[in-house]
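Trainee: Hi, could you walk me through this one? I'd like to start with a single residue.

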Amino acid sequence: MSSLYTRSKEFTRNRKSQSDSPPASPSPTAKTLRHERLSRLESGGSNPTSSDSYGDRASARARREAREARLATLTSRVEEDSNRDYKKLYESALTENQKLKTKLQEAQLELADIKSKLEKMAQQKQEKTSDRSSMLEMEKRERRALERKMSEMEEEMKVLTELKSDNQRLKDENGALIRVISKLSK
C-alpha cells in the first residue's frame, strides 16, 4: 500500500506541474501513467487513498474540461471577431480602393486635359514664333530695301548737288558769254 500511496503523491505532484505548463503531446511515461490510472479506476480499489485520488482526478478533470470549454469559447469568439474584423477590413479596403480608383481616373482625365492644353499652347507658340520669325524676316527685308533706297537716294542727291553746281557754273558761264557777246556786238 505504501507503494501506491507514494505513487499517487508523485502522480499528483506530477499532475500539478503538468497543468501549469501548456498542453503538449503526451510523453510515453505520461501515457503509461494514464494507462495505470485507468486500470486502477476499473478495478475500483477500496483504498481510501485511491478514492481521494479519484476525487482529485475527477475535480482535476472537471477543471481541465471547464478550462478547455472556456478556451474553446474564447477561441471561437476570437475567430468570429477576427472573421468579422477581416470582413470589415476587406469591405473598408474595397471602398477605399474604389475611392482611389475614381480619384485616379479623375487625375488621369485632368492630366490628359492638361496635356492637350499644353500641346495647343505649344502649337500656338510655335505658330507665333514662326509668324514672328516670318515677320522679322519681312521686316529685315523691308529694312534692307529701305536702306538700299536710302543709299540710292543719297547717291542721287550727290548727283543732284553735282548737277546743280554744274548747272550754276554753266549759268555763270552762259551769263559771262552773253556779256562778252553783247560787248562784242556793240
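Mentor: Happy to! D166 is partly exposed, at 33% relative accessible area; that label sits between buried (under 20%) and exposed (over 50%), using a 1.4 Å probe and protein chains only. Keep in mind that this is a predicted model, where local features need pLDDT of at least 70, side-chain atom pairs count only at pLDDT 80 or more, and totals for chains, interfaces and linings use all residues. Residues are numbered from 1 along each chain as its sequence is written, and side-chain values use heavy atoms, without hydrogens and water.

Trainee: Which residue does D166 form a salt bridge with?

Mentor: With R169, where the closest N and O atoms are 3.6 Å apart. A salt bridge here means a side-chain nitrogen of Lys or Arg within 4 Å of a carboxyl oxygen of Asp or Glu.

Trainee: Where do D166 and R169 lie?

Mentor: Both are in helix α3, and because they are three residues apart, about one helical turn separates them. Helices are DSSP runs (H or I, at least four residues), numbered from the N terminus.

Trainee: And what does R169 meet in the 3.1 Å salt bridge?

Mentor: The side chain of E173. Shared partners join D166, R169 and E173 into one network.

Trainee: How many salt bridges does the structure hold?

Mentor: Three. One of them pairs K117 with D113, at 3.7 Å from N to O. K117 and D113 also lie in helix α3, four residues apart.

Trainee: New topic: is R143 buried or exposed?

Mentor: R143 is exposed, with a relative accessible area of 52%, and is found in helix α3 too.

Conventions: Helices (H or I, at least four residues) and strands (E, at least two) are DSSP runs, numbered from the N terminus.
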